[in-house]
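The sequence and the structure are shown first, and the points follow by topic.

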Amino acid sequence: METELSTRYDASLVESKWYRAWDEAGLFKPKSAPDKPVYSITIPPPNVTGSLHMGHALCYGLQDLLGRYKRLRGYDVLILPGQDHAGIALQGVVTKILKKEGTSPFQIGREKFLERAWQFRHESGGEILRGFRAMGCAFDWSAERFTLDDAYVDAVLKVFIDWFDRGLIYRGKRVVNWDPVLKTSVSDIETERMDVQGKLYHVRYPYADGSGHIVVATTRPETMLADVAVAVHPKDSRYTGLVGKTLVLPLVGREIPLIADEYPDPEFGTGAVKITPGHDANDFEVGQRHGLEILVTLDETAKVTPDGGVYAGLDRVEARKRIVADLEEQGFLEKIEDHAISLVISERSHEPVEPMASEQWFVDQKELAKQAIRVAEDRSVRFVPERYKGVYLEWMTNLRDWCVSRQLWWGHRIPVYYTADGTPVAATSWEEAKKKAGQDIVKQDDDVLDTWFSSGLWPFATLGWPEKTSELERYYPTDVLVTSREILFLWVARMIMMGLDFVEEVPFKSVYIYATVLNEQGKRMSKSLGTGVDPMETIRDKGADALRWALFSQTGENQDLRYSDKKTVDARNFCNKIWNASRFVLMNLDGFQDEAPKELHVFDKWLLSRLAKTEVAVREGFESYNMQQATQAVYRFFWSELCDWYIEVSKGRLADPGQRGTVQWVLVRALETFLKLAHPVIPFITEEIYSHLPARDKRQHLMDSRWPDIPSEWHDNEVEPRVERWLESIRALRALRAEFGLTPGATVAEVFFEGDLDGGQETIASQGWVAELKQGRPEGAYVTTTCFGIDFYLPMDGLVDKEREAARLQKDELRLVGQIEPLKRRLNDPNFVERAKPEAVDKAKEDLAQLESDLVKVRSSLAMFL
């Protein structure tokens, strides 16, 4: 095969070429080899309505990285892709399409609407999956699943019916997030919080006996029509002897009790709160404790119901205005204050949701949660970062029942059927329902299941459950779930509960919470806010490898990541560096023999030792989900150690027939190993370069090769510090030259030195751009620098501005004195000497000795200029 690379790296050509080649070679599919360890991921199913954004690029790119790494490590890897049917999202999209056509869901009916929904899924639903392919995601597309596949539907029905029959699913009234535009309940993840400046209304609630009043503050006066009590804290001394009295609800005239409950905060205002169980989740709990009536005075469109009296039919906004005006007119309004409000907005309709008590289907999670708590506590499920274990456990110990019904048409229709007398029966079909009920069925429930209910089965339903398939046996439980912190409770917890309940095993061994991608200014990326960046445009412009590197190189233990175009440009430049350096190596392989040399130069040993340590750092980074550590190690090795040092130092050796073969062998080993280490991060460019290497199996792709097996003898803890001293000496010489404006690469005739160069004289001279290194000090004026106890002297004649050098040395003198004095005081302090660890005291003494030695040298040099 041709070993020479083209002069220019074209990401678009390389990336499309290799993704197609991998797919055609069947490399995305697992091997199912019984002798291989298994690694599996069932990807979080993206919404069928979605398109790739930066959060997706990071989340799914990370899963691809892990899969590629594990393949190289010899694992049988399954990364199973698929999509979620996205109940509310897709129903909203299709509704908008129908509106443009001059019709609506209700005009065409449920059946026709579902036909249009499926049409959208088939015609437009694959956009985000194309984005995953462009990112290089090596997912097993032959195993792709959809949460409304027939087999998946069967699994969902089984879970619902099982829980229904066990009494875990029930019909009841609870406060839910109600979207008055979509006319359905929505989950917390389908809402956003928006901080706005609102008002706090202080309202007088008079005692029924005329003995005075209580002032209650509210931000939602329109809900007072549904008040059923006022509560105060039992230890609030202001209300001693008053609990149990009756109040008159302003404007309405209904009498309501004054009750005592732990819920009110005595430190806030008057300590009294109105209790509206029909329109507030906390009030609902208070109402349950006290057996209070649940009144709902807003309908599904957020208009006041007939129970609202004279306000009936008013929109909630207009009702607020009228109620506030009437409160003021009738003397009940004490004052209005500006008040910051965290408004909950539906992310689909962009309207404020209305907390509302509604008849819904709920899952009682209390018993299910016990096992889910246990597996987190005993680390059967590990959280990364670890702190999310505490967040998870806190939520799991304070669970509320889960509302699983949605007032939609698109989704898993709730499998509950009703007899003529209203008896509910859960069944897979009308026929089964009739058989279970022993009588005729008159209707099926109109609602569909919450999307999170069906996606909770994802790790095992995608592998064939409830059938005992070979895939389920081999690949469940999966190894890791890569997900965002926002759905830790809504999805992660429920998958754990469902997996334990139905498969009796955790669904995944680790939960990796990836970082949130922010823009350069630290703001959330959003198309609507104009702060988003389209990953597909970035891929077309700079390549998928550049985008992957830009994201993964910032993915460590941090939970926020700032994306900028500059970082992607830098990543593209790194790819170009890899290409050009690899091209240099390949162009210098004439006569290459892939045989290990009998003897290695010190610099050869150094590079191989650094490569061995890089492999450890990269492997540990991938294993601990610290991609930043892995990429930093890869970058440092390639750019600094291989390109800046080894290649530069070895160029002369490549021209020497006696040493050329050794350098070639080291370069090939280093490049081949680097490509394997970097492949999980930047798969395309590494595969392309690997295909040009002379010392590989020509039938094998890099993606399907094996992780580097580093020989133990490559680790050399003696050579590394030795060469590092050489490199520091070179850096010191180059810095000294730069201070005096000497052109990099321009050779100076001579530099003198005192100290032991430890065999590095030739290397230091060639890389320090010195014709000759001489032992001793020069005659006349010179400038000096010290490194690892070695003093270098650069003669000044014709090279140095004496006044400028004197100023520099005086500055160094002041700096050293400033460092020495506090260190002396510290060592003269008995508290430090007696209480500090002995090694800390010894370190301070060593530092002082070095600083004082440096000061003597600086003053000696300074004397030449004064």
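Two strands are taken to pair if DSSP finds at least two bridges between them. The model discussed here is predicted.

- Three strands form an open sheet in the order 19-18-20, and their pairing is antiparallel.
- Strand 19 (424-426) and strand 20 (441-444) lie at the edges with a single partner strand each, so one side of each has no neighbour in the sheet.
- From one strand to the next, the twist averages 35°.
- Strand 18 (residues 416-419) and strand 20 run antiparallel and are joined by three bridges.
- Y418 stands opposite K443 of strand 20.

**Helices packed on the sheet**

- Helix 6 (residues 150-165) packs on the sheet, where it touches strand 18 and strand 19. The direction of helix 6 makes about 130° with that of strand 19.
- Helix 11 (residues 430-437) also packs on the sheet, in contact with strand 18, strand 19 and strand 20. The direction of helix 11 makes about 130° with that of strand 20.

**Helix 5 and its surroundings**

- In helix 5 (residues 127-135), the residues I128, L129, G131, F132 and M135 are buried.
- Viewed down the axis of helix 5, the buried residues fall within an arc of 150°, so they line one face of the helix.
- The elements covering these buried residues include helix 2 (54-72), strand 3 (82-83), helix 16 (535-542), helix 17 (544-552) and helix 22 (683-690).

Key:
Residues numbered from 1 in each chain as written. Predicted model: local features only at pLDDT ≥ 70, side-chain atom pairs only at ≥ 80, totals over all residues. Heavy atoms only, no water. Buried < 20%, exposed > 50% of the residue type's maximum accessible area, 1.4 Å probe, protein only. Helix = DSSP H or I, 4+ residues; strand = E, 2+ residues; numbered from the N terminus. Arc of directions from axis to C-beta. Contact = heavy atoms within 4.5 Å. Axes fitted to C-alpha atoms, helices over the stretch in contact; angles between N-to-C directions.
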